[in-house]
Amino acid sequence: MRYFFKTGRVLKPLFAAAFMGTVVALSLLWTQKGIHVSGVFALLCPPPAVNVAAAASASSCSIHSLAANRDWMAWMVFGLFIGALLTSLWKNRGFRFAIERGQGVSPVTRLVLAAGGGLLVGLGAALAGGCTSSIGLTGSALFSVAALVFLGVFFVGGFAASFFFGRFWRV
Amino acid sequence: MSDNLSSLLIGLLFGASLDLAGFGSPRTLNGQFQLRDFSMFKVMFGAIVVAASVYLLMLGVGLAPVPISVIPSLDLAVLLGGFLLGAGLVVGGYCPGTALTGAAGGRVDAVVFFLMMYPGYRLWVWLEPQWPVNFHALWLPKNMTLHELVGISPIWVLAALALACGLGWQLGNYFEARHKGEKCRIVNGKVLVD
């Protein structure tokens with residue numbers, strides 16, 4: 001078992017990739033829907049007055065695909081939380097509250113930045129009609145042009161923001 | 001088995017894979033953009049190659065392909081959304097799935113991040129009808145895949161992605177070696193500050 005882990009409780013990238021890739025493949029072959037996280041917010045929103053789904057690239061995470069029964073998304077997100085909770089307990093780190101942040105960053109600054117980043121990501125997920133899991137992982141595994149372009153701009157956005165906010169992530 | 005139960009199980013496994021990859025830690029995720037820790041690139045790109053291989057193999061033995069609507073389509077919204085997700089990951093430290101993973105590890109910042117995604121989501125739902133530009137005008141035919149666009153077998157796309165993944169992996173090793181010692185260590189308790 002130790003062989004699969006690098007220092008601490010984290011899998012070596014190769015095994016983590018194999019595990020995650022298998023789960024993504026399973027989501028494609030079993031439920032045939034892929035993995036969706038941000039879609040859970042679409043469930044909480046009212047259906048749009050004008051349905052542009054016919055014209056748009058409405059993915060499952062988009063507000064425009066509300067017509068279908070999508071309760072399963074809430075179950076997937078619930079499962080994700082429990083799965084992560086179980087492994088973090090299993091790898092002998094007892095549950096405790098913390099604010100993870102870069103060196104020299106105060107907890108208040110970190111929480112304000114987390115709130116701002118959350119707003120940006122929520123806005124981005126609503127715009128794109130998906131997030132890193134649904135478009136980035138699932139879409140790319142299907143070789144969707146949109147997904148591959150999405151991953152490209154995702155990294156561009158990250159490096160651009162790092163220019164201004166990278167200093168908050170020194171270790 | 002009902003969709004809800006199978007989705008729950010897939011969610012469980014996906015959450016476990018995110019946590020075991022170390023993606024509950026915003027410092028690991030942001031190590032990517034500081035070029036000190038390539039876990040994000042390696043695991044994500046590697047997972048895409050593995051998932052695509054398994055999927056294509058299983059289609060080969062006769063399993064049913066996904067409905068075409070699962071494949072995202074290219075428009076300005078996907079482009080802008082991707083940029084915002086990348087920028088938000090650096091500002092706030094997470095993306096939606098990793099925020100849940102971080103929260104499951106007890107990170108308060110992840111809880112704040114996740115809760116604030118909802119107002120962000122609603123902001124776009126509110127803005128979209130009054131926005132002058134239609135972000136959903138398609139740039140390519142709906143649900144277009146790369147092998148359809150180029151007109152080759154998906155096997156070649158898989159080969160190209162695997163090659164790009166391998167090259168990126170090596171590049172990552174090079175940068176990680178240059179930043180040796182700065183790597184965010186995730187030893188019991190040490191990774192969490194406060």
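**How many helices and strands make up the secondary structure of chain A?** The secondary structure of chain A comes to 6 helices and 0 strands. Welcome to this predicted model. Of the 171 residues in chain A, 59% are buried. Among contacts in chain A with a separation of 6 or more, 54% join residues 24 or more positions apart.

**View 1. Here chain A meets chain B, with 119 residues of chain A and 116 residues of chain B taking part in the contact.** On the side of chain A that touches chain B, at least two residues each come from H1 (13-31), H3, H4 (107-128), H5 (132-141) and H6 (145-165) of chain A. The most is given by H4(A), with 19 residues. Sorted by class, this side of chain A holds 77 nonpolar, 34 polar and 8 charged residues.

**View 2. Helix H3 of chain A packs against helix H5 of chain B.** In general, two packed helices are described by the angle between their axes and the distance between the axes. For H3 (residues 71-90) of chain A and H5 (residues 96-104) of chain B, the angle is about 45° and the axes are 8 Å apart. That angle makes H3(A) oblique to H5(B). The crossing of H3(A) and H5(B) is right-handed. From H3(A), the residues to look for are A:Val77, A:Leu80, A:Phe81, A:Ala84, A:Leu85 and A:Ser88. They meet B:Gly97, B:Leu100, B:Thr101 and B:Ala104 in H5(B). The residues of this contact divide into 7 nonpolar, 3 polar and no charged.

**View 3. A:Phe150 is one of the residues with the most contacts inside the largest nonpolar core.** This core has 114 residues, and A:Val24, B:Ala47 and B:Ile48 join A:Phe150 among those with the most contacts inside it. Leaving aside residues up to four places away in sequence, A:Phe150 touches A:Ala128, A:Ile135, A:Gly136 and A:Gly139 in chain A. From chain B, A:Phe150 touches B:Val78 and B:Gly82.

**View 4. A:Met73 has its place in helix H3 of chain A.** Is A:Met73 buried or exposed? A:Met73 is buried, because 26 other C-beta atoms lie within 10 Å, and 20 or more are enough to count as buried. Not counting residues up to four places away in sequence, A:Met73 touches A:His36, A:Gly39, A:Val40 and A:Leu43. To get your bearings, find A:Ala17, which is 56 residues from A:Met73 along the chain. The C-alpha atoms of A:Met73 and A:Ala17 are separated by 23 Å.

**View 5. A:Gln32 has a positive phi although it is not a glycine.** Its phi is about 60°. You will find A:Gln32 in the loop between H1 and H2 (39-43) of chain A. A:Gln32 is partly exposed, with 14 other C-beta atoms within 10 Å.

**View 6. B:Leu35 sits in a loop of chain B, between helix H2 (26-31) and helix H3 (39-60).** What is the phi of B:Leu35? It is positive, at about 60°, although B:Leu35 is not a glycine. B:Leu35 counts as partly exposed, with 18 C-beta neighbours inside 10 Å.

Definitions and conventions
Residues numbered from 1 in each chain as written. Chains lettered and ligands numbered in written order. Predicted model: local features only at pLDDT ≥ 70, side-chain atom pairs only at ≥ 80, totals over all residues. Axes fitted to C-alpha atoms, helices over the stretch in contact; angles between N-to-C directions. Helix = DSSP H or I, 4+ residues; strand = E, 2+ residues; numbered from the N terminus. Parallel < 35°, antiparallel > 145°, perpendicular 65-115°, else oblique. Left-handed = near helix turned anticlockwise from the far one by under 90°. Contact = placed C-beta atoms within 7 Å. Nonpolar A, V, L, I, M, F, W, Y, C, P; charged D, E, K, R; others polar. Core = buried A, V, L, I, M, F, W, Y, C linked by C-beta atoms within 7 Å. Buried ≥ 20, exposed ≤ 12 C-beta atoms within 10 Å, placed from the backbone.
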